[in-house]
Amino acid sequence: MIPAMPAASATSARSGSVVRVGRVVAAGVFAALIVFAGAWGSWGSAQHAMLPKGRERGTLTVTDCLPERCAGTFKPLSPGATARPSVRIERSVVVREGHSYDVVLEPGTDVAVRAGVSGVLLAWLPLGGALLLASVVVAGGMRMPRAAWVLGLAGAGLLTAAFVLS
């Protein structure tokens, strides 16, 4: 005959499982929010790099760099694009003074975004960082190491590819 469980122990087991489910749900929501924020932060530049049809495409020769932005001359490559004496691009480790880059201009502005494969990868850098951060949340909060490894490796792969191919 199996001895009956005391009532306090059954209540304790139920409350422990409620806490575990709550932790997993909260960590899942937090991880999803992190990934969504990374994708949202990336889309502003990625849409121009990924969908250049109908936008002004050309070559930017960087002539001057400030702490946050660089500027240079724009030579058009697409029909309907016009040459411009000064176009701005965000300064990063891959934009150097004196170099030329294929760019797409944001509609109605003089702001350039890198084009091509390197431009797409650079635009998605915030998502890569978000995937790395979300992997830590999934591993620690949800106790799902395999899913965390997938997220982490995807983020690390995106970051590595962006810098290797730039």
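This is a predicted model: local features need pLDDT of at least 70, side-chain atom pairs count only at pLDDT 80 or more; totals for chains, interfaces and linings use all residues.
View 1. The protein chain is divided so that domain 1 takes in two stretches, 14-49 + 119-165, while domain 2 covers 58-114. About 580 Å² is buried between domain 1 and domain 2, and 76% of this area is on carbon and sulfur atoms. Contact between the domains involves six residues of domain 1 and seven residues of domain 2, while the count of salt bridges between domain 1 and domain 2 is zero.

**View 2. The largest pocket, seen with its lining.** The largest pocket holds about 420 Å³ of space, and its lining is made up of 22 residues, with Ser45, Glu90, Ser92, Leu122 and Ala123 lying nearest its centre. Two or more residues of this lining come from each of helix H1 (7-50), strand S3 (84-90), strand S5 (111-114), helix H2 (116-123) and helix H3 (125-141). Strand S5 gives the most to the lining, with four residues. Because domain 1 (14-49 + 119-165) and domain 2 (58-114) both give residues to the lining, the largest pocket lies between them.

**View 3. A salt bridge between Glu56 and Arg84.** Side chains of opposite charge can pair when their charged atoms come close. Glu56 and Arg84 form a salt bridge in which the closest N and O atoms are 2.6 Å apart. This pair links distant parts of the chain, since Glu56 sits in the loop between H1 and strand S1 (57-65), whereas Arg84 belongs to strand S3, 28 residues apart. The structure holds two salt bridges in total.

**View 4. The surroundings of Arg55.** Arg55 has its place in the loop between H1 and S1. Although Arg55 and Leu105 are 50 residues apart along the chain, their C-alpha atoms are separated by 6.6 Å. If its neighbours within four places in sequence are left aside, Arg55 is in contact with Gln47, His48, Ser78, Val104, Leu105 and Pro107.

Definitions and conventions. Residues are numbered from 1 along each chain as its sequence is written. Side-chain values use heavy atoms; hydrogens and water are left out. On a 1 Å grid over the protein atoms alone, a cavity is a set of points where a 1.4 Å probe fits but cannot get out, and a pocket is an open set with protein on both sides within 12 Å along at least five of seven lines; lining residues have an atom within 4 Å of a point. Grid points are joined across faces, edges and corners, and a volume is the space filled by probe spheres set on the points. Domain bounds come from an automatic or database domain assignment. Contact means heavy atoms within 4.5 Å. Buried area is the accessible area (1.4 Å probe) that two parts lose on being put together, summed over both. A salt bridge is a side-chain nitrogen of Lys or Arg within 4 Å of a carboxyl oxygen of Asp or Glu.
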